[in-house]
Amino acid sequence: MGLPLDLAAAISTILEGILYGFSIFMFGVTLFILRENSRRAGREMNYKMVSLSIALLVCSTVHMIIDFVRVSRGFIFKRDTFPGGPIAFFAQPSEWTFVAKNAVYTIQTLLGDGILIYRCYAVWQSWLIVAFPIVLWFWIGVVGILSVHAVSTVPIGAGTVFLATVGRWITAFYASTLATNFFVTILLAYKIWITNRRIAPMRQGSLLPVVRVVADAGVLYSVTLAAALGCFVQKSNGQYVVLDMVCPIISITFYMVIIRIGLAESQRSSDFGTGSGLSAAHHQPTSVFTSGGGRAGDQRGQAVPMSRLQVHITKVHETDVATFENEGDTGSETDRDRKTAGLEVRNVV
């Protein structure tokens with residue numbers, strides 16, 4: 001026996017609410033990480049990432065509100081007036097709440113995939129590398145608009161979302177965004193991995209944790225999309241449950257990358273500061289002079305501590321993309337990788 005539509009609607013809203021609450025918490029942590037890391041590094045806060053975080057939260061919030069309205073209409077306000085009851089209500093693709101939530105989902109998918117493609121470009125610094133993902137991104141926008149239009153034109157009582165005229169566009173949308181996410185995640189992880197191999201002999205620490213963070217986020221999103229696509233192809237009502245879970249998961253995967261890399265960066269900074277303090281304490285001078293010509297060990301002598309001489313050295317590093325490009329003409333490939341390793345990790349977050 002398949003999952004009833006009314007039960008699917010209740011389960012999907014509950015699960016979405018749980019994930020949405022978790023995404024709000026992660027949003028707050030993300031803002032904290034961005035602020036603290038910028039303060040620690042002495043640079044301006046990354047307002048681009050802040051804006052994208054807010055945009056994803058807005059999309060998730062709007063989708064959550066629409067789902068709440070949809071469940072309220074299906075179970076309460078339209079329970080006795082909609083032909084066929086709640087099950088027929090939730091089965092109707094052209095009902096305005098279903099059209100609206102799919103439109104929001106399309107926008108959030110384009111936003112999430114666009115962020116991923118931008119990260120890939122920022123790491124590779126090559127339009128050629130991201131040319132195919134950009135084409136896929138535009139295709140996702142086209143099939144997303146067509147799928148929203150298709151569900152909005154289904155006559156009341158004429159069918160479900162699994163109709164051929166609707167299903168082909170939804171299937172194409174799921175498959176396209178899954179392919180884009182999978183392809184771009186591999187490009188990102190591969191670039192960071194090969195850079196880590198080249199600079200490993202000359203750098204303390206490893207970039208492999210960054211690879212794992214990017215891979216984990218990609219796997220989480222890909223598995224969710226694959227489940228949605230599989231349920232839809234099998235015409236299972238479970239696709240309604242997965243669909244409502246995807247929106248907060250898009251936000252969660254974005255926040256997860258920033259939080260995990262930001263926390264690792266903070267830990268490295270703390271370890272470096274602690275190590276420096278221990279080193280300074282270890283080298284603190286302990287010799288003393290004695291007044292009256294006595295020895296240091298003479299209890300009659302008065303010990304006078306050696307005054308410390310403080311030397312302040314200021315180093316100013318000024319780099320930009322043009323510098324890396326110009327140095328690439330004269331420096332070795334390994335030197336360029338070492339100089340840009342930190343820049344690549346920063347571009348991921």
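**Packing and surface**

Analyst: This is a predicted model. Leaving aside residues up to four places away in sequence, Val161 touches Ala91, Pro93, Phe98, Val151, Val166, Gly167, Ile170, Phe232, Gln239 and Tyr240.

User: Which residues have the most contacts inside the largest nonpolar core?

Analyst: They are Tyr105, Val161, Tyr174, Phe254 and Tyr255, in a core of 69 residues.

User: And which elements give two or more residues to this core?

Analyst: Those elements are helix 1, helix 2 (47-77), helix 3 (85-91), helix 4 (96-124), helix 5 (131-152), helix 6 (164-199), helix 7 (208-233) and helix 8 (238-282). Helix 8 provides the largest share, 14 residues.

User: What about helix 5: which of its residues are buried?

Analyst: Pro133, Leu136, Ile140, Gly141, Val143, Gly144, Ser147, Val148, Ala150 and Val151 are buried there. The buried residues of helix 5 pack against helix 4 and helix 6.

User: How many residues does helix 5 have, and what is its reach?

Analyst: Helix 5 has 22 residues and reaches 32 Å from its first C-alpha to its last, which is close to the 32 Å expected at 1.5 Å a residue.

User: Now the surface. Which residues make the nonpolar patch?

Analyst: Leu7, Ile11, Ile14, Leu15 and Ile18 make a nonpolar surface patch of about 420 Å². Of these, Ile11 lies in helix 1 (residues 5-41).

User: Why does Ile11 count as partly exposed?

Analyst: Ile11 counts as partly exposed because its relative accessibility is 31%, and that class lies between the limits of 20% and 50%.

Definitions and conventions. Residues numbered from 1 in each chain as written. Predicted model: local features only at pLDDT ≥ 70, side-chain atom pairs only at ≥ 80, totals over all residues. Heavy atoms only, no water. Patch = residues over 30% accessible without salt bridge, like charges linked within 9 Å, V, L, I, M, F, W, Y side chains within 5 Å. Areas by Shrake-Rupley, 256 points an atom, 1.4 Å probe, with all protein chains shown as cover. Salt bridge = Lys/Arg side-chain N within 4 Å of Asp/Glu carboxyl O. Helix = DSSP H or I, 4+ residues; strand = E, 2+ residues; numbered from the N terminus. Buried < 20%, exposed > 50% of the residue type's maximum accessible area, 1.4 Å probe, protein only. Core = buried A, V, L, I, M, F, W, Y, C linked by side-chain atoms within 4.5 Å. Contact = heavy atoms within 4.5 Å. Expected span 1.5 Å × (residues − 1).
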